Amino acid sequence: MTAIQVRGLRKSYRGHAAVDGVDLDIRQGEVFALLGPNGAGKTTTVEILEGHRKRDAGDVDVLGADPATAGRAWRARLGIVLQTANDAAELTVRESVRHYAAYYPNPAGPDDVIEQVGLTAKADARVKSLSGGQRRRLDVALGVVGRPELVFLDEPTTGFDPEARRQFWELIRNLATSGTTILLTTHYLDEAEALADRVAVIAGGRIVAEGTPATLGGRSTAKATVSWLGPGGRETRTTDTPAALIRELGDHELPELTVTRPSLEDTYLSLIGAPR
Ligand SMILES: Nc1ncnc2c1ncn2[C@@H]1O[C@H](COP(=O)(O)OP(=O)(O)OP(=O)(O)O)[C@@H](O)[C@H]1O
């Protein structure tokens, strides 16, 4: 089943094409990451899918409806995790989650959601007293308390320390395991690699590549670099068949041997045409 289908999506601002013919197919239960440099058109695309922005052209289907005309019942099936808003700072964590739950026809229990995001110890703390990472967890709690089928996450871990990011990834994986479809925008390649079933790279308003993190842009079939410490210094060879090369190099030990293929970041940077 398809959760999101987009064909020929276009949106211009004063003659400048921000989204210039985007096609997307996102399956139900999939974690899909939209990657791209600043100004690539990610937010514009996602806001159109959320029904928060009008498109100029194209067909868009999100959970069986056109976001431009869909009503409240459709909206209640979406979870939108916004970049931290500063409202409700005086409320406690539990009060804010309860407050949001009341907007939905069939919400999850506020305490269950607070536990799911790891904020039980902070349930009675005021929102304004939370750290950045805790605040972001609350944002997710507010985004999922309505038991959404589809969650939009916009750059969810910007500003997190490494441990908080890992914990947050676990939270997103748990959501995905429970069957929720997730559309994630991120600038972090390791985040896309850790979470996404599939990724699309958008640049200049167009999708320039799409695939699993392992195969994006021909990554899995790219040449491997074999490197080791030879008697006269470091030796490096590029090959399609690293195992055969290592066999050819003979029986003797190859100190500090490494075999590498382009990282997702290498592939991404070449896809968006960035100088390296
Ligand atoms: N409301 C607006 N009015 C005019 N131009 C806009 C508006 N919103 C976005 N743009 C332009 O459209 C293009 C795409 O912007 P968008 O915000 O979709 O990019 P993005 O990929 O989300 O970038 P970032 O990674 O910086 O968030 C940019 O050139 C931006 O300046």
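This report describes the overall build of the protein, one of its helices and the surroundings of its ligand.

The model is predicted, and local features need pLDDT of at least 70, side-chain atom pairs count only at pLDDT 80 or more, while totals for chains, interfaces and linings use all residues. Residues are numbered from 1 along each chain as its sequence is written.

The secondary structure comes to 9 helices and 12 strands, where helices (H or I, at least four residues) and strands (E, at least two) are DSSP runs numbered from the N terminus. Of the 276 residues of the protein, 32% count as buried, a residue being buried if 20 or more other C-beta atoms, placed from the backbone, lie within 10 Å of its own. Along its principal axes, the C-alpha trace spans about 70 × 50 × 35 Å.

In helix 3 (residues 93–101), the residues Val93, Ser96, Val97 and Tyr100 are buried. They lie on the same side of helix 3, because they cover an arc of only 95° around the axis, the arc being that of the directions from the helix axis to the C-beta atoms. Among the elements that cover these buried residues are helix 4 (110–116) and helix 5 (132–144).

The ligand is surrounded by Tyr13, Ala18, Gly36, Asn38, Gly39, Ala40, Gly41, Lys42, Thr43 and Thr44, where a residue is near a molecule if its C-beta atom, placed from the backbone, lies within 6 Å of it. Helix 1 (residues 42–50) gives the largest share of this shell, 3 residues. The table gives the shell by class.

| Class (membership) | Shell around the ligand |
|---|---|
| Nonpolar (Ala, Val, Leu, Ile, Met, Phe, Trp, Tyr, Cys and Pro) | 3 residues |
| Polar (the others, Gly among them) | 6 residues |

Conventions:
A residue is buried if 20 or more other C-beta atoms lie within 10 Å of its own, exposed if 12 or fewer, and partly exposed in between; C-beta atoms are placed from the backbone. Two residues are in contact if their C-beta atoms, placed from the backbone, lie within 7 Å.
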